[in-house]
Amino acid sequence: MRAGDALVLPDVIVGLIEHLREADIDSEVVDHYRDAWVLTYAVYRSRLDPWLEEFGGVMLMDPGYLALMVRSFRAAELEPEDPQIQQLADDTVEWMVNAWDSDALERSFERGLDDPTANSLLAAQWADRPAWVRVTELIVQGLQERGIEHSRP
């Protein structure tokens, strides 16, 4: 039991959860994030493991990504129209385009969970936070404007 989150989650996800806790993100929000990962990983482990192996280390070791993640969680309490939401989306798109070459970005999306149930679970994680829904919409729009299709909501 001392393993905590590592008992059921891969090291990359445990690292992201720990980063959020260290950044003083509300513990209830972090617990919700962890719970969503536990459920998603339990059901889709075989599909997530290859994706996490290829892309997880990039996320966990990149200070730019970690800073965006903290900003995203802090943005949860903002209004969807707050200018910080647009800036967060723009910065996230910029990070994605710069951190991964176009082939890696396409592989990331291809390895995503195209299962409607999984996407519903993940979308439900953010549904009670309108700012998160809006930033996701703006990220998808920003990627599309750059010619990168990502259909996940």
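**Stop 1: leucine 16**

Select leucine 16: leaving aside residues up to four places away in sequence, it touches Tyr33, Leu60, Tyr65, Leu66 and Met69, where contact means heavy atoms within 4.5 Å. This is a predicted model, in which local features need pLDDT of at least 70 and side-chain atom pairs count only at pLDDT 80 or more, while totals for chains, interfaces and linings use all residues. Residues are numbered from 1 along each chain as its sequence is written, and side-chain values use heavy atoms, with hydrogens and water left out.

**Stop 2: helix H1**

Select residues 11–22, helix H1. Helices are DSSP runs of H or I, at least four residues, numbered from the N terminus. Colour Val12, Ile13, Val14, Gly15, Leu16, Ile17 and Leu20, which are buried (under 20% relative accessible area, 1.4 Å probe, protein chains only). The buried residues of H1 pack against helix H2 (27–61) and helix H3 (63–74). After H1, go to aspartate 24, where phi is positive, near 60 degrees.

**Stop 3: the whole protein**

Zoom out to see 7 helices and 0 strands. Of the 153 residues, 42% count as buried. Among contacts between residues at least 6 apart in sequence, 69% join residues at least 24 apart.

Note on methods. Helices (H or I, at least four residues) and strands (E, at least two) are DSSP runs, numbered from the N terminus. The expected span of a helix is 1.5 Å times one less than its number of residues. Buried means under 20% relative accessible area, exposed over 50%, partly exposed in between (1.4 Å probe, protein chains only).
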